[in-house]
Structures are given as C-alpha cells and as structure tokens.
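Student: I am new to this structure and would like a close look at one part of it. Please pick a strand and describe its surroundings in one connected answer.

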Amino acid sequence: MTPAVLFVCLGNICRSPMAEGAFRAEMARRGLALRVDSAGTGGWHSGDAPDPRAVAEAARHGVDISGLRARQVAPADFDRFTHIVAMDAANLATLRRMQPPGSRAELSLMRDHAGATGQPVADPYYGGPEGFAQVWTQVQSGAGGLLDHIEAR
Ligand code: 4NP
C-alpha cells in the first residue's frame, strides 16, 4: 500500500494541522505526493479552521494552513492510512483503543521520528505564542524524520 499519513492531536486545531502543514511543505521540497491529513481524537472543533495562532506560526514559515478544517478520527482512518502519528501519549492511547483488529496502520508518536522518543508535542492551546513556535520546531523536525523513514522503506 502506498504510504499515507494521518497526524492526530486532541482538537485538530493546533498541533496536528501544524504537523500536516510542515509535512506537506517537506514533502513538496522532496518532490513527493502522498495522501496526508490530520484529525482530532475529540470532536468539539469539527468543521473549524485551525487556531489563528497556529495559522500565524505556520505562515511565519511560509506555510498556509488556513484552509484546513478540523475533523474527528474515524474507524476508516485505520485502513486508509499506513502511518498514524499522535502528538502525545494520551492521543496515542486513544488511537490504540480505537484501532480495529486487522488494521495494519503503524501508530507512533511525532517526536519519536525526531530522536525524542516518548516525548510529547505539548498542547499549546492554553499558553502563549512561544508554545506555538515550539510546536512548529518539533513538528517540522518530526516531519523530516518520518519522511526519511518512509523513503527508506
Ligand atoms: P490541539 O489543541 O489538540 O493541538 O488541537 C487543543 C485545541 C482545543 C482543545 C484542546 C487542545 N480544547 O479542549 O478545546
């Protein structure tokens, strides 16, 4: 199956849309075109655009994520995506509980792909803009490592 990547956080308005944007930008740099999406384990923000602070931080790096819309993770995602990448341990635990028997999707933590095994991309929602800057650094480095892993398959 062609690699396909889903990034997952809690609300799908901060971390995972930033991860999707960073990954798409890195993919474009490498001349790759894979299926990519993001989703939240929670559904409270379904249909919403990313948080304006996330949009602003991505824009600072030349990446436009303003057109993304939040959605909740669905059982079908476990068959449509080969790689499902959680931002923190709580997201990963939810995904492991949801994964249907027979799904071969590879679940991982974002920062595992950047040499920070087990470390979270911390939720920036209740903090200041520096939290969003830190998220960008972490998801960009995770995106690069994940693409190295996928390209090496
Ligand atoms: P995210 O951040 O999981 O990175 O999108 C959050 C956004 C909203 C909420 C929690 C986290 N919330 O509780 O509404």
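Tutor: Strand β1 is mostly covered, as 6 of its 6 residues are buried. Buried means under 20% relative accessible area, exposed means over 50%, and partly exposed lies in between (1.4 Å probe, protein chains only). Strands (E, at least two residues) and helices (H or I, at least four) are DSSP runs, numbered from the N terminus. The model is a predicted one, in which local features need pLDDT of at least 70 and side-chain atom pairs count only at pLDDT 80 or more, while totals for chains, interfaces and linings use all residues. Residues are numbered from 1 along each chain as its sequence is written, and side-chain values use heavy atoms, with hydrogens and water left out.

The side chains of β1 point two ways: A4, L6 and V8 go one way and V5, F7 and C9 the other, and all are buried.

Next, the sheet. β1 (residues 4-9) runs parallel to β2 and is joined to it by 6 bridges; two strands pair if DSSP finds at least two bridges between them. Along this pairing, A4 stands opposite R35 of β2, and V8 stands opposite A39 of β2. The open sheet has 4 strands in the order β2-β1-β3-β4, with parallel pairing. Its edge strands, each pairing on one side only, are β2 (35-40) and β4 (106-109). On average, neighbouring strands of this sheet are turned by 20° against each other, direction ignored. Helix α5 (residues 129-151) packs on the sheet and touches β1, β3 (83-86) and β4; its direction makes about 160° with that of β3. Contact means heavy atoms within 4.5 Å. Axes are lines fitted to C-alpha atoms, for helices over the stretch in contact, and angles run from 0 to 180 degrees between N-to-C directions.

Leaving aside neighbours within four places in sequence, F7 is in contact with S16, A19, E20, F23, V36, D37, S38, A39, V85, M87, M110 and L146.

The cores come next. A nonpolar core is a set of buried Ala, Val, Leu, Ile, Met, Phe, Trp, Tyr and Cys residues joined through side-chain atoms within 4.5 Å. The largest one has 29 residues, and those with the most contacts inside it are F7, M18, F23, M87, M110 and V139. The elements that give two or more residues to this core are β1, α1 (15-30), α2 and α5. Of these, α5 gives the most, with 8 residues. A second, separate core has 14 residues, among them A4, F81, A86 and L92.

Two residues already named meet again at a ring: R35 lies over the face of F81, at 5.8 Å from the ring centre. A charge sits over a ring if NZ of Lys or CZ of Arg is within 6 Å of the ring centre and within 35 degrees of the ring normal.

Helix α2 (residues 52-60) holds A54, which counts as buried at 0% relative accessibility. Leaving aside neighbours within four places in sequence, A54 is in contact with I13, C14, M18, I65 and F132. A54 and Q134 are 80 residues apart in sequence and 11 Å apart in space, C-alpha to C-alpha.
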